[in-house]
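Open the model in a viewer and keep the selection panel at hand. The stops below are meant to be taken in order.

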Amino acid sequence: MTAIRSKILYHKPKTKNKNKKKMPIQEFAYKENPETLVLFDVDGTLTPARLTISDEVRDTLKKLRQKVCIGFVGGSDLSKQVEQLGPTVLNDFDYCFSENGLTAYRLGQEMASQSFIGWIGEEKYNKLVKFALRYLSEIDLPVRRGTFIEFRNGMINISPVGRNASTQERNDYEKYDKEHKIREKFVAALEKEFPDYGLTYSIGGQISFDVFPTGWDKTYCLQHVKNDGFKEIHFFGDKTFKGGNDYEIYEDPRTIGHAVNSPADTVRILKEIFHL
């Protein structure tokens, strides 16, 4: 069964003798329900992991955008999201959040960004990477490829098998990882080695996990929409379990969370909720 977590949304009580009820943001006034925002994870939610969006999902999102505001939030950088969601992605969504919202776009316009290296500093970063590389060298794996540590603006991504793995190699590694818990053990080792670094380790996708400052998970993107007057914010994701990279935003009291197991599942739930 697909898990759907519905919550009571808490709003500030009405105050007498105030101005008229706040109107929807002008740019979104054409929508049927401009006070609702629907956010999506990318891998496993809108697309198969690291693959491209299907025509069915694209058409469903196009219909949905006529009714409500839509956006995506993923751990990858924008270039990878463009590969998966298409070259017109900045025009296809109202909000585009790369690296959990550390790089953000609203209606195609870039918003403020944050830097992981600026936050952690070179000294601590070097210690972290040296430990990770040493740990990677001591793991026994059936296959290794390339790009084991990927530096991004707001985080680093660590992949024991390497991000250059083919689709079949990714599928094979995912099965191996579920059995041998390679990523889970790696995260535990990092947490033990750097307990005072203030970092969060988030397993996502098939082959890797993200490392970023605590609080820079996917809930980070919510600060970019707080002034747009949304009464409901829905979130769809597949890694909603504790330790998964959708967990924090799925559980956040500001969102209504929907756990899915595939893009087809996402489409099914959208049609049920929004009568597409």
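This is a predicted model: local features need pLDDT of at least 70, side-chain atom pairs count only at pLDDT 80 or more; totals for chains, interfaces and linings use all residues.

Residues are numbered from 1 along each chain as its sequence is written, and side-chain values use heavy atoms, with hydrogens and water left out.

**Whole chain**

Start with everything selected, in cartoon. The chain has nine helices and twelve strands (DSSP runs numbered from the N terminus: H or I of at least four residues for helices, E of at least two for strands). Its radius of gyration is 19 Å, close to the 19 Å that the globule rule gives for 276 residues, so the chain is as compact as a globular protein of that length. The radius is taken over C-alpha atoms, and the rule is 2.2 Å times the number of residues to the power 0.38. Along the principal axes, the C-alpha atoms fill a box of roughly 65 × 40 × 35 Å.

**The four-stranded sheet**

Next select β7, β8, β10 and β9, which in that order make an open sheet with antiparallel pairing (two strands pair if DSSP finds at least two bridges between them). β7 (149–151) and β9 stand at the edges with a single partner strand each, so one side of each has no neighbour in the sheet. Neighbouring strands are turned by 20° against each other on average, direction ignored. Zoom in on β9 and β10 (residues 208–213): six bridges join this antiparallel pair. I203 has F209 of β10 as its bridge partner.

Contact means heavy atoms within 4.5 Å; axes are lines fitted to C-alpha atoms, for helices over the stretch in contact, and angles run from 0 to 180 degrees between N-to-C directions.

**The second largest pocket**

Now select R183, I203, K239, F241 and G244, which lie nearest the centre of the second largest pocket among its 29 lining residues. On a 1 Å grid over the protein atoms alone, a pocket is an open set of points with protein on both sides within 12 Å along at least five of seven lines, a cavity is a set where a 1.4 Å probe fits but cannot get out, and lining residues have an atom within 4 Å of a point. About 640 Å³ of space lies in this pocket. α6 (167–180), α7 (182–193) and β9 (199–204) each supply at least two lining residues.

**The cavities**

How many cavities of 30 Å³ or more does the structure hold? There are two. For the largest cavity, select D43, S76, G204, G205 and N245, the closest to its centre of the 27 residues that line it. About 260 Å³ of space lies there. β10 gives the largest share of the lining, three residues.

Finish at the second largest cavity, with about 30 Å³ of space. Select its lining: N100, S202, D210, F212, D217, N245 and E248.

Volumes are the space filled by probe spheres set on the grid points, which are joined across faces, edges and corners.
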